[in-house]
Number of protein chains: 2
Amino acid sequence: MDALSSSPAPPHRVVIVGGGFAGLYAALALKRAPVQVTLIDRRNFHLFQPLLYQVATGTLSPGDIASPLRGVLKRQRNTQVLLAEVVDVDAVQRRVVLSDGELGYDTLIVATGSSHHYFGNEQWASLAPGLKTVEDALEMRRRILLAFEAAEREPDADLRRAWLTFVLVGAGPTGVELAGALGEIARHTLQRDFRTINPADAHILLVEVADRILPPFAPTLSAQAAAHLTRLGVTVLTGARVTGIDAESVTLHRGGASERLSTRTVLWAAGVAASPLGRVLQQRTGATIDRAGRVVVESDCSVPGHPEIFVIGDLACCMPPGGAPLPGLAPVAMQQGQYVAKRVRRRLRGDGCEPFRYFDYGTMAVIGRGAAVAQIRSLHFDGFLAWVAWVFIHIMRLVEYDNRVLVFVQWAMNYFTWNRGARLMTGESSLPLRRGT
Amino acid sequence: MDALSSSPAPPHRVVIVGGGFAGLYAALALKRAPVQVTLIDRRNFHLFQPLLYQVATGTLSPGDIASPLRGVLKRQRNTQVLLAEVVDVDAVQRRVVLSDGELGYDTLIVATGSSHHYFGNEQWASLAPGLKTVEDALEMRRRILLAFEAAEREPDADLRRAWLTFVLVGAGPTGVELAGALGEIARHTLQRDFRTINPADAHILLVEVADRILPPFAPTLSAQAAAHLTRLGVTVLTGARVTGIDAESVTLHRGGASERLSTRTVLWAAGVAASPLGRVLQQRTGATIDRAGRVVVESDCSVPGHPEIFVIGDLACCMPPGGAPLPGLAPVAMQQGQYVAKRVRRRLRGDGCEPFRYFDYGTMAVIGRGAAVAQIRSLHFDGFLAWVAWVFIHIMRLVEYDNRVLVFVQWAMNYFTWNRGARLMTGESSLPLRRGT
């Protein structure tokens with residue numbers, strides 16, 4: 001008896017690959033469509049990535065920003081969730097190839113996102129972890145806390161200083177948010193935790209190759225964000241390129257000179273590369289991919305020559321007429337997901353659809369408690385008001401109500417006590433590295 | 001410059017090994033004593049183990065039941081926390097040997113607890129994970145959720161049934177609590193999550209070698225607990241011994257006959273063995289250890305012939321006059337910690353101290369939502385009242401206020417929605433195991 005075929009096959013099979021913002025919002029927007037939806041993901045949960053840095057810095061637990069995909073879609077009877085990995089696409093036979101099976105589609109929506117990359121220096125991956133998965137965040141958290149522990153036990157002043165030096169590579173929103181959170185941890189959260197070191201002595205360096213931090217924001221907001229960070233004890237180094245990373249140092253190239261900095265903790269918030277499925281689609285459909293590995297899509301997010309295949313989210317290189325490619329942001333992904341769902345519904349009815357148009361509600365980055373920058377079209381503001389807006393929007397955007405309550409409670413407690421309860425080091429080695437002496 | 005010697009040495013050095021209930025409560029009770037306390041643990045957090053099964057079953061996140069040791073002790077200026085592993089004790093020179101250093105003591109308090117063990121079948125460890133650490137709990141959670149995922153994708157009815165069969169070995173409080181939570185997950189939490197299986201078809205077997213579950217409780221409470229579990233769909237098998245575990249089955253011996261059960265998920269809640277430091281103390285001090293590896297201590301919890309060495313908590317075999325050894329429960333450990341701290345304070349003043357006496361406030365076990373059993377001396381009760389008492393006591397006992405708020409919020413949400421938000425599978429393989437076909 002084949003359990004999968006016990007119900008009559010619905011007319012149109014939509015397969016969505018990836019349960020991030022793009023894929024999940026596409027699935028949700030197909031709720032009442034006369035289609036059979038299969039959402040495939042390697043993980044059993046949707047991750048609210050904009051808050052992942054708060055897991056890395058001990059404010060939130062992974063469970064607070066993860067929603068089980070089955071739970072989110074449980075009442076959507078036309079949708080099933082498949083925990084599986086897609087390794088190939090057969091665009092002729094219209095089948096996706098899983099690592100352990102196959103699945104046919106009538107419409108395919110690929111939304112497998114991106115991961116961090118190291119601009120050809122992939123050997124840096126183990127030295128300077130990035131921040132894309134729950135495991136990444138827990139590893140970052142472990143390294144940050146371990147560095148303070150190791151400094152506490154280190155009798156040599158130079159080595160202690162190296163343990164207390166944190167280098168963040170890349171000053172986009174993630175880098176800025178990590179730097180701000182690290183500044184607060186060093187100055188406030190750990191204030192009385194140690195007996196031989198003063199955590200406020202930590203050197204937090206935010207390194208950016210552009211001439212200012214938060215390059216997508218207006219220059220005035222970049223300057224305000226930099227000023228906030230400086231007040232939290234963060235040293236902002238713009239126009240600086242990382243040319244080397246090893247277990248004990250980082251080499252920076254800045255203004256024609258090279259400098260080697262002793263550090264044991266380098267965190268990567270710089271490069272982003274599209275998921276390998278971009279290359280697969282290139283081979284199988286003849287689509288073009290850009291330098292970051294993203295698939296160049298039509299104005300309706302479909303792959304040229306394959307109106308039945310859509311690519312959305314971070315994996316898509318989506319160019320509005322006459323404009324630059326849309327950035328890899330959660331709102332872009334959500335809107336594309338909803339747009340593609342509408343496109344599918346209308347196509348089934350035989351109707352057309354205008355091209356995808358991104359509505360920019362604005363972008364924000366948080367720097368610390370009560371400090372953020374926000375840019376809503378021509379409106380630029382920073383400080384407490386921007387921070388309240390950031391808190392409100394991020395709470396409301398969490399997919400599940402449970403998560404909203406939990407995150408709100410933790411933020412409220414963090415706000416009033418500076419405490420970060422989720423400061424546990426887990427995983428393989430939670431002991432300070434063995435000293436050479 | 002040696003940072004560790006920058007302050008004048010206080011008169012009396014108390015070294016506490018282990019930050020569980022016994023060690024942490026000893027440290028806290030030495031707050032105002034004229035001693036220098038060093039609390040050594042391999043982990044940077046105190047874990048509220050009685051709620052670990054709720055992490056394993058997706059109700060709570062690890063951060064909710066963990067309190068950073070440095071945070072708990074930050075205002076206790078006579079105390080420092082050392083993240084390190086103790087590998088040996090030099091009882092003559094009065095030094096503990098760390099994996100990366102040494103540390104002298106005047107009074108040593110050893111409270112390194114216990115871990116699960118397999119009665120000589122240590123090869124079962126990877127097949128049937130136990131529940132002692134955060135990592136154990138996340139591994140259990142991963143296996144439980146993975147089994148439902150694998151069943152959803154399994155076309156073969158027999159294999160599907162094997163994936164949906166969960167065997168819990170040992171019906172002490174942990175086994176009973178796990179079984180109850182699993183029953184709720186299968187019947188309520190996952191009710192609408194799947195499309196090809198019905199999670200309520202899960203077979204949950206609770207296997208106990210004694211003739212009833214919860215052997216330390218009164219027989220009437222055991223019977224009530226068993227009735228509650230049966231209502232949750234749990235099959236209780238008493239008088240049954242596990243004689244074999246492999247990747248695809250469990251062999252049970254019961255009533256003179258052997259039976260082989262197909263299952264892919266075996267969870268271990270049976271044997272407990274004392275930490276290896278018990279054996280170290282035996283070698284270094286001539287102390288006796290019992291069959292479970294626990295150090296037999298004097299009536300004041302000290303090691304015979306070594307009044308300066310105390311062993312408390314699960315590692316101690318502490319026998320009240322004429323009674324049986326005290327059980328390995330959190331209240332025993334807390335009271336021993338507080339007692340030993342008092343003993344140290346009084347000894348420094350030249351005063352004596354009565355022997356340790358355990359005050360039994362009662363024991364409880366929770367079976368599910370609104371169902372628990374409680375035994376407070378001659379008072380035995382079950383049902384909703386016992387459950388409310390359990391909730392209240394466990395919330396109040398959480399070391400940090402932050403955790404109390406978070407756990408309360410999550411329980412409240414779980415109670416009203418049946419939802420378990422922390423159902424994420426993390427770690428190495430979050431994909432269903434490859435099928436043979």
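In this predicted model, 53 residues of chain B are in contact with 53 residues of chain A. Contact here means that the C-beta atoms of two residues, placed from the backbone, lie within 7 Å. On the side of chain B that touches chain A, the elements giving two or more residues are β4 (66-68), α3 (69-72), β5 (79-83), α4 (134-153) and α11 (401-417) of chain B. Helices (H or I, at least four residues) and strands (E, at least two) are DSSP runs, numbered from the N terminus. The largest share of this side comes from α11(B), with 7 residues. By class, this side of chain B holds 22 nonpolar, 12 polar and 19 charged residues. Ala, Val, Leu, Ile, Met, Phe, Trp, Tyr, Cys and Pro count as nonpolar; Asp, Glu, Lys and Arg count as charged; the others, Gly among them, count as polar.

How are the copies related? Two copies of a chain are related by a rotation about an axis and a shift along it. The same surface serves both copies, as 100% of the contact residues of chain B recur in chain A.

Now look inside chain A. Helix α1 (residues 21-29) has 7 of its 9 residues buried, so it is largely enclosed by the rest of the structure. The buried residues include A:F21, A:L24 and A:Y25. Buried means that 20 or more other C-beta atoms, placed from the backbone, lie within 10 Å of the residue's own.

Chain A also has an open sheet of 3 strands, in the order β14-β15-β16, with antiparallel pairing. β14 (240-246) and β16 (257-262) stand at the edges with a single partner strand each, so one side of each is left without a neighbour in the sheet. β15 (residues 249-254) and β16(A) pair over 6 bridges. Strands pair if DSSP finds at least two bridges between them. The bridge partner of A:S249 is A:S262 in β16(A).

How far can the model be read? pLDDT is the predictor's confidence in each residue, from 0 to 100. Its mean over chain A is 91, and 95% of the residues of chain A reach 70 or more. Over residues 433-437 of chain A the pLDDT is below 50. Where pLDDT is low, the predicted coordinates should not be read in detail. The model scores ipTM 0.87 and pTM 0.90.

Residues are numbered from 1 along each chain as its sequence is written, and chains are lettered from A and ligands numbered from 1 in the order in which they are written. In this predicted model, local features need pLDDT of at least 70 and side-chain atom pairs count only at pLDDT 80 or more, while totals for chains, interfaces and linings use all residues.

Definitions and conventions
Buried ≥ 20, exposed ≤ 12 C-beta atoms within 10 Å, placed from the backbone.
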